[in-house]
Amino acid sequence: WLTVDAGHTTAAVNSTQFGHIVEDINHSVEGGLNANVVRNATMKENGISSWSLLTAGGGSGSVALDTAGGLNAANPNSLRLSIGANAAGQRVGAANAGFYGVGVRPSATYQVSFFARADQAFGPVTVSLESNTGTVYASASVGTVGTGWARYTATLTAPASAPVSTANRFVVSANGAGAGRTLWLSVVQCNAPTFAPTGNIRADLQQKLADTKPGFIRVPGGNYLEGNVIANRFAWKNTIGAVEQRAGHQNDAWGYWSTDHFGLLNYLLMAEQAGAEPLLGVFAGYTLNGSVTPQNQLAPYIQEALDEIEYITGSTSTTWGARRAADGHPAPFPLRYVEIGNEDWFDGSGSYDGYRYPMFYDAIKAAYPQLQIVASMPVTSRPMDVIDDHYYSGNPAGIAALATRYDSADRNGPKVLVGEYGVTNGSSTNPTGTLSGAIAEAAFMTGLVRNADLVMGAAYAPALTSVDNWQWSSNLIGFNAVSSYGSPSYHVQQMFGTLLGDHVVPVQLTGASPDVRAVATRTVSGTVYLTVVNPTASAVETQLTISGASSVGGTATVTTLTGDPNARNSISAPNTIAPTTTTTAAGPSFVRTFPANSVVVLTLSTT
Ligand code: AHR
């Protein structure tokens, strides 16, 4: 028996109920959300790794790292292309292998920008997208390169006949020109199609995030916020303004170079364009190697956080609000939640509750009393507006068991952000999890909705992963240089995010395994969403009663995610597990069977 009391509401669903955390892990940003297909754009990642000499038709030359005579102090390194023989029909260039390939799509347009100088002016210099076997899909001349550093731009459009492929390279070359000349390159960008004109955010990845209808995006992480050492934290001031002025930093939390070309403003635009509010994480004086900033040295980091909040929310008459406007976004961003640090329970010294949290709390509340402060671990020194709980388990049952975690939690304490959670059952060859993991997450999420009065938001983590290089076993969205797919967990997130009312309504489920979970919400206009999660190996037939409504529509929409519990999706099989939508006869009372291993949402209309 399953009864939904559509006439009563218990809690209001929060606009932030479900969201994402985005940090640069698994190349989520560098080689992912950042639309630039060129790897090692600034020649700071192991010299000129990802770049190689390209010659054809008998041309000759060499490429090398040059650390002298660079573009500017932030970007002193350049790639030096020495051109040897280069008569008509001979070609010499520098080829970039991208992030595990360069993605080419039919009819896609790429915006190229790079800085260059030559020992003597020569041209034409050409940029191209071509297959690794030499098929040129698009090329354009940038004209003559002069002797002083200057920016060169071009637009490349792949033909409609180009295959969807990653086995490609981006090339800067001269054909029959520049014999004996030297060309230097720095800050090279070839930006794939973006979601919107601003933000430089790779279109398919941002679309997938937006399609889950996130209420918030927690930025910028995660461990990425902290770094292993202070110098490698997310130092937000180094991530804004002209990209050629950004020095980048070693993402030592996850082991690769970050150009910082996808900076704070890009994270904020990502949230804005997904229809979400940013939930800001500020660096709080603790790094992953265990170092803690002493109390008498914390002030600069507190100021850094205050400036960051001003950059995000300040009017254009404030210093940092004006800077945001100069960076192209005059309107302030909405901001309600600021998290102090990340997972500070790893700091065994007691410094978080001892002085770091209270110092950040006092300073932020003094300047911005309206902001809700999120504590990354329990504290007693100051109030916690919100506490950030994280849950990971390799075993689906470990996450499913949390479905009742908040049912009897203290209502007089802080609100709860479940800032990270997930079943970590990705495989050694696939960094996304199984349907069984997704069903367990759905079971947990029924509890998050039911306790919406306490749980203000939740985010599966991590959101994105390259399928060619990852550091975390299980992620929501997998991508390569050209394509992406949603895992079964992604579909669960999308179902919960899009099929969600404004208020929770009571549900009673009897006569089924206690592992079967149900929750319901309704909108003010009477649409009822009933979510039933059946992780068992048997179908569950129930008599469904919708009480408390004057009328119940005769048809319901049924969105079902089911299949082999061990199945995963992948780049080559993106839809092995995907939701289906059907309709069924409905009414105040009807029989419904919920398949084994399934998540089902019934959308009912009531008055
Ligand atoms: O989501 C992956 C990592 O898990 C986050 O960076 C960190 O906060 C947590 O330990």
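Tutor: Let's start with a term: a nonpolar core is a set of buried Ala, Val, Leu, Ile, Met, Phe, Trp, Tyr and Cys residues joined through C-beta atoms within 7 Å. Keep in mind that the model here is predicted.

Student: How many residues does the largest nonpolar core have, and which have the most contacts inside it?

Tutor: In general, nonpolar side chains tend to be buried together in soluble globular proteins. In this structure the largest nonpolar core has 178 residues. Leu185, Phe444 and Leu530 are those with the most contacts inside it. Helix 9, residues 435-450, gives the largest share of this core, with 10 residues.

Student: What does Phe444 touch, if I leave out residues up to four places away in sequence?

Tutor: With those set aside, Phe444 touches Ile399, Ala400, Leu402, Ala403 and Tyr421.

Student: Let me step back to the whole chain. Which domains does the domain assignment give?

Tutor: The domain assignment of the protein chain gives domain 1 as 2-10 + 502-605, domain 2 as 51-191, and domain 3 as 216-242 + 252-381. Notice how domain 1 is written with two stretches, 2-10 and 502-605. Taken over C-alpha atoms, the centres of domain 1 and domain 2 are separated by 55 Å.

Student: Now helices. At what angle do helix 5 and helix 7 pack?

Tutor: To read a helix pair, look at the angle and the distance between the axes. Helix 5 (residues 299-313) and helix 7 (residues 351-367) pack at about 35°, and their axes are 10 Å apart. The crossing of helix 5 past helix 7 is right-handed. On the helix 5 side, the contact is made by Ile302, Ala305, Leu306 and Ile309. Helix 7 brings Met359, Phe360, Ala363, Ile364 and Ala367.

Student: Is helix 4 mostly covered or mostly uncovered?

Tutor: To judge a helix, go along it and see which residues are buried. Helix 4 is mostly covered, as 8 of its 10 residues are buried. They are Leu264, Leu265, Asn266, Tyr267, Leu268, Leu269, Met270 and Ala271. These buried residues pack against several elements, among them helix 1 (29-33), helix 2 (203-211) and helix 5. After helix 4 comes Gly275, with a positive phi near 75°.

Student: And how many residues of helix 10 are buried?

Tutor: Helix 10, residues 488-498, has 9 of its 11 residues buried, and is mostly covered as well. The buried residues include Pro488, Tyr490, His491 and Phe496.

Student: You mentioned a positive phi. Which residues have one although they are not glycine?

Tutor: Asp260 has a positive phi of about 65° although it is not a glycine. Asp260 sits in the loop between strand 15 (256-258) and helix 4 (264-273), and is buried because 26 other C-beta atoms lie within 10 Å. Asn597 also has a positive phi, about 50°, without being a glycine. Asn597 belongs to the loop between strand 32 (589-594) and strand 33 (598-605). With 22 other C-beta atoms within 10 Å, Asn597 is buried.

Student: What touches Thr562, setting aside residues up to four places away in sequence?

Tutor: Thr562 touches Pro595, Asn597 and Ser598, so you meet Asn597 again here. Thr562 is in strand 30, residues 555-562. The cut-off for buried is 20 or more other C-beta atoms within 10 Å, and Thr562 counts as buried because it has 20 such neighbours.

Student: Where is Asp347, and is it buried or exposed?

Tutor: Asp347 lies in the loop between strand 17 (337-340) and helix 7. With 22 C-beta neighbours inside 10 Å, Asp347 counts as buried. Leaving aside neighbours within four places in sequence, Asp347 is in contact with Tyr286, Val292 and Tyr352.

Note on methods. Residues are numbered from 1 along each chain as its sequence is written. This is a predicted model: local features need pLDDT of at least 70, side-chain atom pairs count only at pLDDT 80 or more; totals for chains, interfaces and linings use all residues. A residue is buried if 20 or more other C-beta atoms lie within 10 Å of its own, exposed if 12 or fewer, and partly exposed in between; C-beta atoms are placed from the backbone. Helices (H or I, at least four residues) and strands (E, at least two) are DSSP runs, numbered from the N terminus. Two residues are in contact if their C-beta atoms, placed from the backbone, lie within 7 Å. Domain bounds come from an automatic or database domain assignment. Axes are lines fitted to C-alpha atoms, for helices over the stretch in contact, and angles run from 0 to 180 degrees between N-to-C directions. A crossing is left-handed if the near helix is turned anticlockwise from the far one by less than a right angle, and right-handed if clockwise.
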